[in-house]
Amino acid sequence: MTKDFRVAIERFRGKRIPLKYVRRCWNEAHPEQTNNPRTAASMFEDLEALRHDGVIEFPKQASSFDRLVNPPLPKFVLLVRQEEKPPQEDWSRISWQPELCFWTELKPQELAWAKIINDWLCRRRGKFMLVPLRERALEIFGDEKFLDKKVVNGALFGGRLPLKAIGAFLVAPPLAYCASGLPDLPLLIVENNHTYWSLAKWNMLTHRYSAVAYGVGNAYASQSSSEGNAVEQVVRECHAKGVLYFGDLDPEGIEIPLRFNANSSIKVEPAVNLYEFILEHGTKRSGVKRKDGDAKSAKQWLPQLCDAICAMWDENYWIPQESLGVEQLFNTDGDPRERPDNLT
C-alpha cells in the first residue's frame with residue numbers, strides 16, 4: 001500500500017466512503033496497475049491493511065459487498081477519525097486557596113470550574129462585598145445562571161464551599177403582599193394564591209393583620225435560608241408584630257412552615273383560628289398523601305388540633321385552605337367587620 005492511497009482516504013471529508021471514490025484513489029496511487037487482472041485483489045489487500053491500522057471499518061452486512069468481483073469488495077468503507085484528546089491538566093501544580101483545600105475530592109468537571117473560582121479568589125482575596133449570587137456568577141464565569149443549580153443548602157461542591165467564601169448569597173423572590181396600613185399587627189402568610197386574594201380583600205376591611213402575603217406554595221419554605229429573607233423584609237416594611245401562617249390541612253401543607261422555621265431566624269406561628277375554622281366547616285377531600293412522621297409534624301405545628309387532624313388523615317381525608325373563601329369570610333348577618341370574632 002502506498003502512502004498516497006492512505007492519505008487520499010484519510011482526507012475524505014465524510015465518514016462513509018463509497019467504493020467509487022476508493023477505486024479512483026487507488027488507481028491514482030497505482031497507475032501501473034490499470035490493466036492488471038489482480039487489481040481487485042491488490043485493492044482489497046490495501047483496504048485490509050487500512051482496516052488493520054484502524055483507519056477504516058468494513059460494513060457489517062454481507063449485502064454491502066460487491067460480489068461481481070473476486071475477491072468481493074465493500075460497496076463502501078467507514079472512515080474512523082481519531083479525535084485528539086486534550087492534554088490532561090495537572091491539578092496538583094495549581095496553588096489552591098485554603099477555601100478549596102478539598103480539591104482532591106472533586107471530579108474532573110468540578111475541578112475545571114473550581115480552578116476558575118480559585119483564580120478569582122487569588123485576584124480578589126479580601127476585597128469583595130457580599131452580593132447576590134447571579135451577580136457573582138456573572139463576574140466569575142461570564143454566565144449569571146452558571147451557579148444556580150450547583151447550590152445546595154447555601155454552598156457549592158456538595159456543601160464544601162459556603163457561598164460567603166466567594167462573597168455571594170441567595171436572594172429570595174419577593175413576597176407579594178397586601179398591607180392594611182396598620183402597624184403592630186401580625187403578618188399572615190397564606191400558602192395558595194386564591195386564598196391569599198380572599199383573605200387580603202377581607203383584611204382590608206377588617207384590619208386583622210398588618211398585611212397578608214402570598215407564600216407561593218412550597219416555594220415559601222426555601223426562602224428561610226436566603227440572605228435576602230423576603231419575610232423579614234415584609235415584616236420591616238409593614239411594621240408587623242409576629243408572623244402567622246395558614247395553609248392546607250394535609251401533611252405537605254403542615255411541613256412547609258416547619259421547614260421554614262428550621263432554617264430561619266424569624267419564626268412563624270400557626271393561624272390557629274383559621275385552621276380551626278376549616279377543620280370544623282371546611283370541605284374534606286379524599287386521597288390524603290401521608291408521609292413518614294406526619295403525625296409528629298402535626299403535633300409540632302398544631303398541638304391543640306393534632307388529634308382531630310390525624311383522625312381525619314387516618315380516614316384518608318384532608319382539607320384545602322380554599323375552604324375559607326370570600327363567602328365564608330363575609331357571610332354574616334351584620335357588619336362584615338365582625339367576622340374576626342366569629343373565627344376565633
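1. Lys115, at 25% relative accessibility, counts as partly exposed, where "buried" means under 20% relative accessible area, "exposed" means over 50%, and "partly exposed" covers the values in between, worked out with a 1.4 Å probe and with protein chains only. Asp119 is likewise described as partly exposed, its relative accessible area being 29%. The side chains of Asp119 and Lys115 meet in a salt bridge with 3.2 Å from N to O, a salt bridge being a side-chain nitrogen of Lys or Arg within 4 Å of a carboxyl oxygen of Asp or Glu. Because Asp119 and Lys115 are four residues apart in helix α4, about one helical turn separates them. In general, an α-helix has 3.6 residues a turn, so residues three or four places apart point the same way.

2. A word on what is being read here: this is a predicted model, in which local features need pLDDT of at least 70 and side-chain atom pairs count only at pLDDT 80 or more, while totals for chains, interfaces and linings use all residues. Residues are numbered from 1 along each chain as its sequence is written, and side-chain values use heavy atoms, with hydrogens and water left out. Helices (H or I, at least four residues) and strands (E, at least two) are DSSP runs, numbered from the N terminus.

3. The chain has 13 helices and 16 strands. Its radius of gyration, taken over C-alpha atoms, is 36 Å, well over the 20 Å that the globule rule gives for 344 residues, so the chain is more spread out than a compact globule; the rule itself is 2.2 Å times the number of residues to the power 0.38. Along its principal axes, the C-alpha trace spans about 115 × 55 × 35 Å. Of the 344 residues, 45% are buried. The chain exposes about 19,700 Å², of which carbon and sulfur atoms supply 49%, the areas coming from the Shrake-Rupley method with a 1.4 Å probe.

4. Among the contacts with a separation of 6 or more, 70% are made by residues 24 or more positions apart.

5. Which strands make up the open sheet, and in what order? The sheet has three strands in the order β1-β5-β2, with antiparallel pairing, and two strands count as paired if DSSP finds at least two bridges between them. Strands β1 and β2 are the edge strands, since each pairs on one side only. Three bridges join β1 (residues 16-18) to β5 (residues 76-79), and Arg16 has Leu78 as its bridge partner in β5. Two bridges pair β2 (residues 56-57) with β5; in β5, Leu79 is the partner of Ile56, and Leu78 is the partner of Glu57.

6. In helix α5 (residues 133-141), the residues Leu133, Arg136, Ala137, Ile140 and Phe141 are buried. Seen down the axis of α5, these buried residues fall within an arc of 100 degrees, so they line one face of the helix; the arc is that of the directions from the helix axis to the C-beta atoms. Their cover includes α4 (108-124), β6 (131-132) and β9 (168-169). Just after α5, Gly142 takes a positive phi of about 75 degrees.

7. The count of salt bridges comes to 17. Lys291 forms one with Glu255, the closest N and O atoms being 3.3 Å apart. Lys291 lies in the loop between β15 (285-286) and α10 (294-301), and Glu255 in helix α8 (residues 251-263), so this pair ties together parts that are 36 residues apart in sequence. Lys291 is partly exposed at 32% relative accessible area, whereas Glu255 is buried at 16%.

8. Asp314 and Arg290 also meet through their side chains in a salt bridge, with 3.2 Å from N to O. This pair links distant parts of the chain, with Asp314 in helix α11 (residues 306-314) and Arg290 in the loop between β15 and α10, 24 residues apart. Asp314 is exposed, with a relative accessible area of 59%, while Arg290 is partly exposed at 37%. Salt bridges that share partners join Glu252, Glu255, Arg259 and Lys291 into one network.

Methods:
Contact means heavy atoms within 4.5 Å.
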